[in-house]
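Open the model in your viewer and keep the sequence panel alongside. The stops below are given as selections, each followed by what is found there.

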Amino acid sequence: MAGEDGAAPEAAQPPADSGPAGGGYDAKCVFCRIGRREEPGTALLPCESEGLVCFRDIRPGAPHHYLVVPIEHMGNCKTLKKEHIPLVEKMMEAGKNILQRNNFTDLNDIRMGFHWPPFCSVSHLHLHVLAPASHLGFLSRMIYRTNSYWFITAEQLIERLQTENTAS
């Protein structure tokens with residue numbers, strides 16, 4: 001499965017210390033295996049952010065539908081704390097970069113966010129990057145709907161993390 005820009009999977013290298021010794025790997029997690037290149041059917045797209053990988057969603061909800069995933073195993077978005085805000089921001093920046101690398105430049109017509117537990121198909125933090133948001137089909141508009149019980153935008157997550165942690 002090659003990327004739109006024809007880039008080879010070698011474009012995104014996981015860090016050497018991402019193995020089990022660092023405690024950040026779960027062999028049962030498909031996203032951990034993808035990050036370590038143990039899933040040959042998934043082509044990694046060029047991702048210039050260290051510690052992250054990018055690839056196409058297997059069930060695209062929009063013409064451009066990518067996932068940005070930390071190589072190190074992390075729980076879902078509900079497990080994040082205030083100190084994870086820079087990671088979420090880094091994931092968003094990587095999402096914007098992958099869109100631009102694939103010739104999508106209208107960053108006002110995108111949706112980036114996370115499925116809110118228990119509505120996560122994979123229990124490893126992953127950012128959905130969808131574009132153009134105006135071209136989401138009926139089902140995708142429901143699945144990736146903002147202000148819903150099952151999806152939270154990256155901006156809403158950051159706001160929630162800032163608010164929850166200042167209140168406690």
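Start by selecting Arg37, which lies in the loop between α1 (30-35) and β1 (52-56). This is a predicted model, and the backbone here is worth a look: phi of Arg37 is near 60 degrees, a positive value in a residue other than glycine. Arg37 counts as partly exposed because its relative accessible area is 32%.

Now zoom out to the whole chain. Colour by secondary structure to find four helices and five strands. Read from the N terminus, the order of elements is α-β-β-α-β-β-α-β-α. Of the 168 residues in the chain, 48% are buried.

Next, select helix α2, residues 85-101. Step past the end of the helix to Asn103, which follows α2 and has a positive phi, near 65 degrees.

From here, go to the largest nonpolar core. Which of its 31 residues touch the most other members? Select Phe114, Leu127 and Leu157. The elements that give two or more residues to this core are β1, β2 (64-70), α2, β3, β4 and α4 (154-167). Among these contributors, α2 gives the most, with eight residues.

Two cis peptide bonds come next. Select Pro117 and Pro118: the bond between them is cis, with omega near 10 degrees. Pro118 sits in the loop between β3 (111-115) and β4 (127-131). Then move to Ala131 and Pro132, where the peptide bond is also cis, with omega near -15 degrees. Pro132 belongs to the loop between β4 and α3.

Continue to α3, residues 138-143. Show the surface and select Phe138, Leu139, Met142 and Ile143, which form a nonpolar patch with about 390 Å² of accessible area together. Ile143 is part of helix α3 and counts as partly exposed, because its relative accessibility is 32%.

The last stop is the loop between α3 and β5 (151-153). Select Asn147, which is found in this loop. Its phi is positive, about 55 degrees, although Asn147 is not a glycine. Then select Ser148, which lies in the loop as well.

Ser148 and His115 are 33 residues apart along the chain, and their C-alpha atoms are separated by 9.7 Å.

Definitions and conventions: Residues numbered from 1 in each chain as written. Predicted model: local features only at pLDDT ≥ 70, side-chain atom pairs only at ≥ 80, totals over all residues. Heavy atoms only, no water. Patch = residues over 30% accessible without salt bridge, like charges linked within 9 Å, V, L, I, M, F, W, Y side chains within 5 Å. Areas by Shrake-Rupley, 256 points an atom, 1.4 Å probe, with all protein chains shown as cover. Salt bridge = Lys/Arg side-chain N within 4 Å of Asp/Glu carboxyl O. Buried < 20%, exposed > 50% of the residue type's maximum accessible area, 1.4 Å probe, protein only. Expected span 1.5 Å × (residues − 1). Core = buried A, V, L, I, M, F, W, Y, C linked by side-chain atoms within 4.5 Å.
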